[in-house]
Amino acid sequence: MNKAIFAVALVAGMPAIAHAQDTTTSSETATAPDGTPAFGIEPYIGVMGGYDSYDRRSEFGSPRGGKMNGGLVQGVAGINVPLGPVFVGAEGNVAKGFNDIDWEYGVKGRLGARAGDSGMVYASAGYEWVNGRRAYADHSDWIYGVGVEVGPKDIGLGGVTGNSGVRLRLEVDTYDFDSIRPMAGVIMHF
């Protein structure tokens, strides 16, 4: 079931990426849609919170029919490299878990499009290590996700922080299509 939900979310996000790419004209190629230079390096850090829930049939299922799940508080750090209306990036994360999850940490690459004045729509893929508690063993595997970042200009607060600064991030990841991991948080771009 988690695979189907993730696939629907991925397909639903694709039109937004395509629309964001189509809105750039040839006269705008020197800058990104938010007015920043079209090429450069944008570092960021952030704090997020969410919940990770694994399928019973995954490697995190228990013989008694239970499944591993728990809340997460996560720190992220990374860089984006804008390439006109699109961007590529790399990100690392460390999450402290609660309930059945002890720690999660990993790295992933991101690819996406600028949207609006200070927003982003992206897809990501990488590798994640998960440390379980109680009877749940430690495992590692691929992680995939989609997400969006919304900056102050996109929600009517244009003069608050300018193009860089605080953005709200919403994302959904899946650990090898065996989990659903919705996260939300605040990202600070420099």
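This section describes the fold, strand pairing, core and aromatic contacts of a predicted model. Residues are numbered from 1 along each chain as its sequence is written, and side-chain values use heavy atoms, with hydrogens and water left out. In this predicted model local features need pLDDT of at least 70 and side-chain atom pairs count only at pLDDT 80 or more, whereas totals for chains, interfaces and linings use all residues.

The secondary structure of the chain consists of 1 helix and 8 strands, where helices (H or I, at least four residues) and strands (E, at least two) are DSSP runs numbered from the N terminus. Along the sequence these elements follow the pattern α-β-β-β-β-β-β-β-β. The chain has 190 residues, of which 42% are buried; buried means under 20% relative accessible area, exposed over 50%, and partly exposed in between (1.4 Å probe, protein chains only). Among contacts in the chain with a separation of 6 or more, 61% are between residues 24 or more positions apart, a contact being heavy atoms within 4.5 Å.

The strands form a closed barrel of 8 in the order β1-β2-β3-β4-β5-β6-β7-β8, with antiparallel pairing. From one strand to the next the twist averages 25°; axes are lines fitted to C-alpha atoms, for helices over the stretch in contact, and angles run from 0 to 180 degrees between N-to-C directions. Two strands are taken to pair if DSSP finds at least two bridges between them. Strands of a sheet pair through backbone hydrogen bonds, either parallel or antiparallel.

β1 and β8 pair in the antiparallel sense over 9 bridges. In this pairing valine 47 stands opposite valine 186 in β8, and the bridge partner of glycine 46 is isoleucine 187, also in β8. β7 and β8 likewise pair in the antiparallel sense over 9 bridges, and glutamate 171 has methionine 183 in β8 as its bridge partner.

β7 and β8 form a hairpin with 3 residues between them. Aspartate 176, in the loop between these strands, has a positive phi of about 50° although it is not a glycine. The residue is partly exposed, with a relative accessible area of 27%. Phenylalanine 177, found in the loop between β7 and β8, has a positive phi of about 60° and is not a glycine either.

The largest nonpolar core has 14 residues, and those with the most contacts inside it are Tyr54, Phe60, Met68 and Val130. A nonpolar core is a set of buried Ala, Val, Leu, Ile, Met, Phe, Trp, Tyr and Cys residues joined through side-chain atoms within 4.5 Å. The elements that give two or more residues to this core are β1 (42-54), β2 (69-83) and β8. β1 supplies the largest share, 3 residues. Methionine 68 touches Asp52, Ser53, Tyr54, Phe60, Asp100, Ile101, Val130, Gly132 and Tyr136, not counting residues up to four places away in sequence.

Aromatic contacts were assigned from ring geometry. Rings of Phe, Tyr and Trp (its six-membered ring) pair if their centres lie within 6.5 Å; planes under 30 degrees apart count as stacked, over 60 as edge-to-face and the rest as tilted. By this rule there are 5 aromatic pairs. Tyrosine 105 and tryptophan 129 form a stacked pair, at 5.9 Å centre to centre and with 10° between the planes. Tyrosine 105 lies in strand β4 (residues 101-115) and tryptophan 129 in strand β5 (residues 119-132), so this pair ties together parts that are 24 residues apart in sequence. Both are partly exposed, tyrosine 105 with a relative accessible area of 34% and tryptophan 129 with 33%.

Tyrosine 144 and phenylalanine 177 form a further stacked pair, at 4.9 Å centre to centre and with 20° between the planes. Tyrosine 144 lies in strand β6 (residues 139-150) and phenylalanine 177 in the loop between β7 (165-175) and β8 (179-189), so the pair ties together parts that are 33 residues apart in sequence. Tyrosine 144 is partly exposed at 25% relative accessible area, and phenylalanine 177 is partly exposed at 28%.

Ring pairs also link Tyr105, Tyr127, Trp129 and Trp142 into a cluster. Elsewhere, the charged end of arginine 110 sits over the ring of tyrosine 122, 4.3 Å from its centre. A charge sits over a ring if NZ of Lys or CZ of Arg is within 6 Å of the ring centre and within 35 degrees of the ring normal.
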